[in-house]
Amino acid sequence: MSDAAQPTVAEVRAAVEAVKAALDRHLAAIENRTGDDDPAVYQAFEGLASAAEAYDELLYDTYDEVTPFEVPLGDTLPEYAGPGEPGAISVLIRRDYTVADPQRLRHQAERVSDAAGADIGAAVGALFGEYEPDEIAERHKEFGLDEGDSTLWVTAARAAEPGEWLSAPFDQADPRQLLCRFDVSAVYDDEADADELDRLA
């Protein structure tokens, strides 16, 4: 981070005060919860996680220090709050890649389009326009990419009209509607064994 973009001491202080306030809201939500799946508790949890993450980042950027805070994943997701028999589902997939070999990426793009001399963005667009995402996932090394983390969520949904959500396709990723989830990450001992959360069990 450049000196011009360094957070100020006041910003760090404000972030820690936000964490304190979020802690109070989280405890209050728990003390006044109306049931196991009270949305107020979930919202307070999300607020606390966000405040802690913001403080941790500012602390590191300013003082090169970190906190012991870690937002747990997996079985800490909120209780499933969707229909018992959903009439529709949404499949949301995120796969991260590192551009390990830009020259190879551009070369592969040139083979399938007139993207000669294209920048990385245009080369990526050419490849994803030619190949299905699953094929790119299988052949990522050929395209000069290294795999990062990936996650697949299957959520309960309502039937949507054609084109209804395309302007903001990822705004509806509600963990409370999660039916099952599969994660692959280098943080796990065995990437071949992705975690699956059966939310209806």
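**Close-up views of a predicted protein chain**

Residues are numbered from 1 along each chain as its sequence is written, and side-chain values use heavy atoms, with hydrogens and water left out.

**View 1. The overall order of helices and strands.** The protein chain has five helices and four strands, taken as DSSP runs (helices H or I, at least four residues; strands E, at least two) and numbered from the N terminus. Along the sequence these elements follow the pattern α-α-β-α-α-α-β-β-β. Of the contacts (heavy atoms within 4.5 Å) between residues at least 6 apart in sequence, 61% join residues at least 24 apart.

**View 2. Helix α1 and its buried residues.** Within α1, the residues Val12, Ala15, Val19, Ala22, His26 and Ala29 are buried, and their cover includes α2 (39–63). An α-helix has 3.6 residues a turn, so residues three or four places apart point the same way.

**View 3. Salt bridges.** The whole structure holds ten salt bridges, each defined as a side-chain nitrogen of Lys or Arg within 4 Å of a carboxyl oxygen of Asp or Glu. In the pair formed by Asp183 and Arg181, the N to O distance is 2.8 Å, and both residues are buried. Salt bridges with shared partners join Glu135, Arg139 and Glu142 into one network. Between Arg139 and Glu135 the closest N and O atoms are 2.6 Å apart; Arg139 is partly exposed at 23% relative accessible area, and Glu135 is partly exposed at 30%.

**View 4. A nonpolar surface patch.** Ile89, Val91 and Ile93 make a nonpolar surface patch of about 280 Å², where patches take residues with over 30% relative accessible area and no salt bridge, joining like charges within 9 Å and nonpolar side chains (Val, Leu, Ile, Met, Phe, Trp, Tyr) within 5 Å. Ile89 lies in strand β1 (residues 88–99) and is exposed, with a relative accessible area of 52%. Accessible areas come from the Shrake-Rupley method with a 1.4 Å probe, and for residues only the protein chains shown count as cover.

How values were computed: Predicted model: local features only at pLDDT ≥ 70, side-chain atom pairs only at ≥ 80, totals over all residues. Buried < 20%, exposed > 50% of the residue type's maximum accessible area, 1.4 Å probe, protein only.
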